[in-house]
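Subject: Structure handover

Hi,

Here is the structure I promised to pass on. My notes follow below it.

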Amino acid sequence: LVGSSCKAFVMSYAADSCLPLVLPYLEHRGLGAATCCSQHWASCVTDEVWRDLFSLDFGHADGAVARWRTQYWRAHAVARTDALAMEPILATGVPDTFRFSGAAAAVVGPPEAQLILILFGATDNYAFTNSGYVLDPRTHAITPISAMDLHKGHMQKRWLHTASVVGQQLVVIGGQSELGEPMREIWSAGWVSEWSSSKVVPFFQWHRAVPQFGCAGHTASVIRDGVVLFGGLEGRQESNLVHWVDPLQQTVQQITTRGAPPAPRWCHTAAVGGGSVVVFGGWQRPSVFLNDTWVLDTVSWQWSELAPAGVRPCPRTQSAMWQLEEGMFCIFGGAAHNTTDSALYGDRVLDMDDMHVLDMHACTWISCLSKNTKQRGGVNAVATVGRDVFVIGGMHSDAGAEMPTFVGDISLVHTPPAAWRGL
């Protein structure tokens, strides 16, 4: 659906008798024949032109705009979804210990020398770690970092924490300790301008803040110059509270939101788009798994629940989520419980390798065909570098196994540039 064929597709939703009126009108508004031939003409049409176009040529503006736009975005989302593929990466320098779940990944450094920092997590037999790895997104080389080199051994072992980058600050928040308790601490580290990809560790200077709450299995979304936290475990209970973290001032503030909030949850997933936080799924222990979708406006702090059309993903926890492009979000994998009463972990847990796209423009779910994916129901670390999304680690459950299998797989989801843009 690119260029003239895309134009023909969209124009097919108008009556043939309207076509002579539409094209001259677009030329009058500055969209000449060259534009119509080189790209999808609707990508250049503003909301004002849309309103004028439909009110002039198609009768009632609101209904026509809504119907046409829905078809437009549906076709766009399907085309973008069909282009998605998850390809395995053969990394170099991979140590035998490179198997984990519940780690956090962050992209650090200037654009010309960015690196993916993979922090902590659980490995075989749920052994927690406080060491890390550096993944070079250009060469796919992996370098292990000891706890002493990374933070002088000051940070405890953990998993289900978050790592976010705000400006030149790396912010690590919470996590679950080896005792099963949410951790009451926020670590921040800056790096100097003399960045060297071969000397990433020495440039981190860590500082610790102790908030009045602990959290694990929460989501951390970078908005403006801070981090929005939602949900997770606080104490022994799931939460639906929202907190604002200012990493420069090392302060945490609970936000009073508007509207009915989502149910308490942990191990959900979230992504940022257009100044809002989009939240999907999660877990209410012991065995309630969610597949609802919520949007938090971070200007008004208003919660809204979405009711997208299409077949929404089945209830799940610990899935990966990222923004595909403006108004479109991708969800991969996750886990839930089988209906079996077996005491064996592998029989009780259902791992998933499916991929879904949430199209906010048409408010619909679109399912992707699984391409080169592996079942990784555990918590996958996700890092975005340009148009490349790296899905790192996780775990899966073999039938009859008493414990999950922790994996060190790295998959790349390349997002091709959009052939035509939104309205």
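How many salt bridges does the structure hold? It holds 8, where a salt bridge is a side-chain nitrogen of Lys or Arg within 4 Å of a carboxyl oxygen of Asp or Glu.

First, the ground rules. This is a predicted model, where local features need pLDDT of at least 70 and side-chain atom pairs count only at pLDDT 80 or more, while totals for chains, interfaces and linings use all residues. Residues are numbered from 1 along each chain as its sequence is written, and side-chain values use heavy atoms, with hydrogens and water left out.

Now the salt bridges. Arg158 and Glu185 meet at 2.4 Å, N to O. Arg158 sits in the loop between α6 and β6, and Glu185 in the loop between β7 and β8, so the pair ties together parts 27 residues apart in sequence. (Helices are DSSP runs of H or I, at least four residues; strands are E runs of at least two, numbered from the N terminus.) Both Arg158 and Glu185 are buried, meaning under 20% relative accessible area; exposed is over 50%, partly exposed in between (1.4 Å probe, protein chains only). A salt-bridge network links Arg158, Glu185 and Arg208.

Arg316 and Asp354 pair at 2.8 Å, N to O. They are 38 residues apart, with Asp354 in strand β20. Arg316 is buried, at 1%.

Then the hairpin. β6 and β7 are antiparallel over 5 bridges; strands pair if DSSP finds at least two bridges between them. The hairpin has 2 residues between its strands, and Gly167 in the turn has a positive phi of about 65°. Val166 has Gln169 as its bridge partner in β7. In β6, 4 of 5 residues are buried.

Best wishes
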